[in-house]
Amino acid sequence: MTGVSDQLDSSWDSNAAAWTATVRERLIESRRVATDAAILNAIRDLAPHRVLDIGCGEGWLCRALQQAGVACVGVDGSVGLVDAARTADPDGVYHVLRYTDFGGLNDLVAPGSCDVAVCNFSLLHDDIAPVLHAARAALRAHGTLLIQTVHPWSASDGDYTDGWRTEDFAWAERRFPQAMPWYFRTLQSWVDIVRASGFTLQALDEPKQPETGKLLSLMLRARA
Ligand SMILES: C[S@@+](CC[C@H](N)C(=O)[O-])C[C@H]1O[C@@H](n2cnc3c(N)ncnc32)[C@H](O)[C@@H]1O
């Protein structure tokens, strides 16, 4: 693991409380107006029985799915966030697992046992192929991978090339103690990594700000 990946992982330990409050108090406008509904609708359209939520954070998506009668298992590398998820949902299934250890996913989630694997704003590293390979193993035949991420065009800020960026959370109402490195990908790069990980891209959507039309996220749907 590189130093920058270590910083990315440790930021989610340092920022767990601020992130949990930010999500639960619904302080992120893009989530309120479009992206939460976009990922929920994309999952519900697939009518899954069991979903794997990769990088589940404090667990809002698992809770929402379970309330809709869909079984969900959440995995995340942040002990603080998984603790928050378990506290809010004592009957839920949440595991602490860092992407660097994702070879061990099969010990926690039986191979072929999930209909959908979802990564909601949770693929932030440069080397995500091992995560996608492990997701594929957890999926049943022809199961579906859903990735929602920041929209590359909106997030590019004039530099449309793959590479590391820094999120300082200056926009946040809560105080995030640690800046987060994250790896920016172009649209081509997202498509390439999904295909190279053994998936067939089926659909690409661009949830927008309903009033302004601003591109808020990129949603990729791919089949194992
Ligand atoms: C922006 S949050 C999104 C959380 C959640 N999916 C949501 O929609 O609120 C990114 C998540 O990815 C997780 N994550 C980042 N790097 C990780 C790693 N190396 N291993 C496991 N989880 C990681 C973080 O702990 C965090 O929960």
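Strand 1 (50-54) is largely enclosed by the rest of the structure, because four of its five residues are buried. Buried means under 20% relative accessible area, exposed means over 50%, and partly exposed lies in between (1.4 Å probe, protein chains only). Helices (H or I, at least four residues) and strands (E, at least two) are DSSP runs, numbered from the N terminus. This is a predicted model, in which local features need pLDDT of at least 70 and side-chain atom pairs count only at pLDDT 80 or more, while totals for chains, interfaces and linings use all residues. Residues are numbered from 1 along each chain as its sequence is written, and side-chain values use heavy atoms, with hydrogens and water left out.

**The sheet**

Strand 1 pairs with strand 2 in the parallel sense over five bridges; two strands pair if DSSP finds at least two bridges between them. V51 has C72, in strand 2, as its bridge partner. The open sheet has seven strands in the order 3-2-1-4-5-9-8, and its pairing is mixed. Strand 3 (93-96) and strand 8 (200-205) stand at the edges with a single partner strand each, so one side of each has no neighbour in the sheet. From one strand to the next, the twist averages 20 degrees. Strand 8 and strand 9 (residues 217-223) run antiparallel and are joined by five bridges. L201 has A222 in strand 9 as its bridge partner.

Contact means heavy atoms within 4.5 Å. Axes are lines fitted to C-alpha atoms, for helices over the stretch in contact, and angles run from 0 to 180 degrees between N-to-C directions.

| Helix | Strands touched | Angle between directions |
|---|---|---|
| Helix 3 | strand 1, strand 4, strand 5 and strand 9 | about 170 degrees with strand 5 |
| Helix 5 | strand 2 and strand 3 | about 170 degrees with strand 3 |

**The cores**

A nonpolar core is a set of buried Ala, Val, Leu, Ile, Met, Phe, Trp, Tyr and Cys residues joined through side-chain atoms within 4.5 Å. The largest one holds 36 residues, of which I39, I43, V51, L61 and L65 touch the most other members. Among the elements that give two or more residues to this core are helix 3 (29-45), helix 4 (60-67) and strand 4 (114-120). Apart from neighbours within four places in sequence, I43 contacts P48, V51, L61, L65, V118 and L146. A second, separate core has 30 residues, including L139, L145, I147 and L220.

**The aromatic rings**

The structure holds nine aromatic pairs. Rings of Phe, Tyr and Trp (its six-membered ring) pair if their centres lie within 6.5 Å; planes under 30 degrees apart count as stacked, over 60 as edge-to-face and the rest as tilted. Y160 and F184 form an edge-to-face pair, with 5.9 Å from centre to centre and 75 degrees between the planes. These two residues are 24 residues apart, with Y160 in the loop between helix 8 (152-155) and strand 6 (163-167) and F184 in strand 7 (residues 180-184). Y160 is partly exposed at a relative accessible area of 35%, whereas F184 is buried at 1%. The pair of F169 and F176 is stacked, because the ring centres are 4.1 Å apart and the planes are at 5 degrees. Both F169 and F176 are buried. Ring pairs also link W153, Y160, W182 and F184 into a cluster.
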